[in-house]
Amino acid sequence: LALGPSSGSRARVGQRAMAQTFSTGEYAGTGTPQGGVPFSPDHSYTGQQSTPSSASGQLRGGQQPLSPQGGADGHRSPKHGQQEDQMPLINEPAPRKYNLYHRIFLRQHSEKFADHAEFAAGAALCVTLMAMPFIMPPGSFERVDRLQAKGYFSRSTVLMFLFIVDHTLGQTMSNAISGLTGALLSVLNAALMHGVIPGGISESTPWFVSFAVSVHCVLFVWLVLWLNFGMNARIFCLSTFAFHWMEFMNPAVTDCVGTQLCSLKVGELVSVAIACGVALLCNILPTPSLAVWKARTKARETTQCLVNVWMDAAASLCGSSRADYRQEQMVADLKKMKAALETLDGYMLHSYYEFGLIRSVRNIREFLSRLKRTLNESTDRLLCTWNTCFGAGHDEMMTRLWPQVRDVIVDASKLLIHCTEIACGGKVLDHDEVPLRETAKRTREAVARLTASFKELKASKGIDGVTEELLDEHQIVFQVCAFGRITADLAEEFMAGRNTRPLPAAEVPTGIFERTVLADRNHLSFVVRSFAIMLLAFVAGFCGHSKTMLTYDAGTAAAAALMLRKAIGSSGPRNFGRLRGAVIGTIFGHVVFSMAGWCSWWGYLTSGLAIFSWVATSMFNHADPSDVTGGMAFGHSSAGASAGLLSAYFASNGIMEQCTTEVFTVNDVMGKSYFMIINSLAAVFLVFAVDTVLAPETAAHLATNAYSSALKVITEVVSDLLKPTVLEIRPHTGELAIRMRKAGLLGRQAEAEPRLWRNPWRGLLFGDAMISATNMRVTLSGMEHSSVEGGRLGGGKADKMRAFTKLQSFAQVRKVVVEMLEHVEDLLDSALSQETGEVMHALGNPQLRRDFNGEFAAAVKGFVAEVNRMPEISQERGAVNSLELDMAGQVSMILCCTWALVAEASQLQRCLLERAH
């Protein structure tokens, strides 16, 4: 962090750095929470009940909290407390013991690497064990041979396992349900066709019957793609149905042979069920990998980071001594929070499949869902607090308020940690209720003391009502009071849910007929492109080409089904990667078989080691969380097949050949691989062609549109919040976070796509715009929560908010803010969408000469003078329980937020002018 000499620039730079963490920062790793209050297995808080000053030393690494001047407990002298320059810069977590199994996967060095390595090794081991019966001679495994004879176990079972297995039991269960659904749809539809036309199409079949069958199959493919099935259901259904359809249409096949279904058979379904069962065992052994456990770990990690950042931020904002490393500690903790919050949603959704109908698991999901809402709001409040520029009297005033600020944060942090443990357990136990109620009461009392001290300090300085010089101090105290209040609300809601009122239900997967999904524009685009790809692949396989491609061959359609992927942005780099994975995997598999496929012990050993090592490496790359698809949670492999998964699939298919004593040549190997490579190349070519023709826009256009839509939402919400006639307030921060995440993903894809005749993608400008949009979203979150009664969304706009927004002078404030946001929105849209020409067209915008900052400052002066004459301001000179209920505090909060929006828009305009050339 490059901190400037003035405290104002120091706060602004720190806020932008933390916003950059939430907009473009990458996750650096996971691990045990950093220091902090210990957690007990029975989800009870293990700290002793103590006074705020004595308990506050538990918030970071067992150290005492810093005073604003650097010492502990407000003492400057080293005799009474440790000076800030003597505090350790790095707080090491408590040492953890690792057994031999953990050390094999290097868990002592990196939790993230160990998770991926353990998953990849387990999946590769299962594939190797299932593949050995196909590598060794018949009779080596008699029971498996009997299963093969009945059609219950085949090479397809091993290959389908790769699409089903995932990081956690919940994710694997979700993939297994989708896979079974797809296989069932394929079998039922094929059985229906053979029931109507036994034996399939023959040379004597009338043309209109063949046409009717084709129409039926085409409609079936459309419905499978359009309905809200999981991606595994689409892949399993279409890849197997391709073979049923081709054999049904082939006149040369007149008897019930091969994979053709003359009646409903269960062999194909049993094969998929076996793959699902092995995948579930892979997640259970040797130690269970449950999504609900990971969700609890992420919740604890997020809570610990949050209380650390609140304490660091308060110590930095409430004193004259602000060390740079404190801000860097906050940025590091915020990175961990960002990663934990992003993965928490996915784990909670997947935990639904882990016996989510059982009451205990359902309670844990509901408690964690309610906790997550508090964590998100607390994070936004924290970042909004940092959006300040301090005046001359800030240090002296906030130093005197530091003890009260610290007490609120300490009590609220203890309460939040306790609530996190309760949420992880899924219920409030008897011995939890009394300390929970007492800590919540003590937190509210600390908030009341802070509010009273702040008002007394204002009165001692002769300041009454709203004043520009204390806007930022109002916001800091306002948000600290809000942090205390929302944690107390959470504890009281947990206790109320134990007695009479249940918690809101957690998120569950959507149904296959979900209207919002079926009518979604992105989903319809995926359906149309995938439908065109599958039809062209069926036609190519049906017609064939000379001796290069066989007729009535389902290989191209099956390969195209494997490459279906529901994602956003440019598909070119993804298709190239999947092509490499398919081709290299195919060649590797057959080359290994030709060199090691001998019926001898060393041949079995070499083949087993080859398939294990290749599948483990490929699945590790497939599990890389940096490959995030649009709208999909971390680790959600049902978004489609990646290059790593296709590489493991085709390599396993090539190695799983019966051992032999025949000597193979290179021509023999290429002969075996030829048609698989041709089918893969044809499928990828079709995907490229269809995406090129039907893809509506480039990744750069999509990124620009996604960002513009997010900025438009911000402008509209700010306009409604500041409009006195709008009474209902709906939260938009979650929607904005999704829109901005999508814009960020598209922006990274725009960096990689070829620009050809277009100008280079303005990546630096887009990065600046993402940081500014993150700041605006956080500021908007603070405005939304401070504009409703009691700070609780859903209660309607506060009466005091409606009162001061009706003032004539405030209309000018609103006008300047909205026009500034609209100006920046048009400016960015023009700059990012321009793809040709050396001169940026946005530089000709006449609004660039307008002094929005000066207009806003003048409007604020007029509004402050008018609002201080309101009777509500003078009536609230007495005590209130929280600054959130004080009208002067609410006015100051809104002015601070609007000022921050104008400042951020001005900063974004300056960035655009700097990047103009």
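**Core, helices and contacts**

Mentor: Start with the largest nonpolar core, which has 144 residues in this predicted model. Leu 368, Val 466, Tyr 707, Phe 804, Leu 828 and Phe 863 have the most contacts inside it.

Trainee: Which helix gives the largest share of this core?

Mentor: Helix H14, residues 394–425, with 16 residues.

Trainee: Zoom out for a second. How many helices and strands in the protein chain?

Mentor: 31 helices and zero strands.

Trainee: How much of the chain is buried?

Mentor: Of the 917 residues in the protein chain, 57% are buried.

Trainee: And what share of the contacts links residues 24 or more positions apart?

Mentor: 82%, taking the contacts with a separation of 6 or more.

Trainee: Let's do helices. What's the span of H13?

Mentor: Helix H13 covers residues 359–385, so 27 residues are there to judge its burial, and 22 of them are buried. From first C-alpha to last, H13 reaches 39 Å, close to the 39 Å expected at 1.5 Å a residue.

Trainee: Why call H13 largely enclosed by the rest of the structure?

Mentor: Because 22 of its 27 residues are buried. The cut-off for buried is under 20% relative accessible area.

Trainee: How do H11 and H13 cross?

Mentor: Helix H11 is residues 291–317. The axes of H11 and H13 come within 10 Å and cross at roughly 25°. Angles under 35 degrees count as roughly parallel, so H11 and H13 are roughly parallel to each other. Their crossing is left-handed.

Trainee: Which residues meet there?

Mentor: On the H11 side, the list includes Ala 295, Arg 296, Ala 299, Leu 306, Trp 310 and Leu 317. On the H13 side, it includes Ile 364, Leu 368, Leu 371, Leu 375, Arg 381 and Thr 385. Ala 295, Arg 296 and Ala 299 are also among the residues that Leu 368 touches.

Trainee: How do H14 and H15 pass each other?

Mentor: The axes of H14 and helix H15 (residues 430–460) come within 9 Å and cross at roughly 160°. H14 and H15 are therefore roughly antiparallel to each other. The crossing is left-handed.

Trainee: Where does Leu 490 lie?

Mentor: In helix H16, residues 471–499. Leu 490 has 0% relative accessibility, so it counts as buried.

Trainee: What is Leu 490 in contact with?

Mentor: Arg 370, Leu 371, Thr 374, Leu 416 and Cys 419, leaving aside neighbours within four places in sequence. Leu 490 and Leu 416 are 74 residues apart along the chain, and their C-alpha atoms are separated by 8.2 Å.

Trainee: New topic. How do H9 and H18 cross?

Mentor: The axes of helix H9 (residues 231–249) and H18 come within 11 Å and cross at roughly 25°. That makes H9 roughly parallel to H18. This crossing is right-handed. Among the residues making the contact are Ala 242, Trp 245, Met 246 and Met 249 of H9, and Phe 538, Gly 541 and Phe 542 of H18.

Trainee: How accessible is Phe 542?

Mentor: Phe 542 is found in H18, residues 521–543. It is partly exposed, with a relative accessible area of 32%. Leaving aside neighbours within four places in sequence, Phe 542 is in contact with Met 246, Met 249, Thr 551 and Tyr 552. Phe 542 and Glu 247 are 295 residues apart in sequence and 9.9 Å apart in space, C-alpha to C-alpha.

Terms used:
Residues are numbered from 1 along each chain as its sequence is written. This is a predicted model: local features need pLDDT of at least 70, side-chain atom pairs count only at pLDDT 80 or more; totals for chains, interfaces and linings use all residues. Side-chain values use heavy atoms; hydrogens and water are left out. A nonpolar core is a set of buried Ala, Val, Leu, Ile, Met, Phe, Trp, Tyr and Cys residues joined through side-chain atoms within 4.5 Å. Buried means under 20% relative accessible area, exposed over 50%, partly exposed in between (1.4 Å probe, protein chains only). Helices (H or I, at least four residues) and strands (E, at least two) are DSSP runs, numbered from the N terminus. Contact means heavy atoms within 4.5 Å. The expected span of a helix is 1.5 Å times one less than its number of residues. Axes are lines fitted to C-alpha atoms, for helices over the stretch in contact, and angles run from 0 to 180 degrees between N-to-C directions. Angles under 35 degrees count as roughly parallel, over 145 as roughly antiparallel, 65 to 115 as roughly perpendicular and the rest as oblique. A crossing is left-handed if the near helix is turned anticlockwise from the far one by less than a right angle, and right-handed if clockwise.
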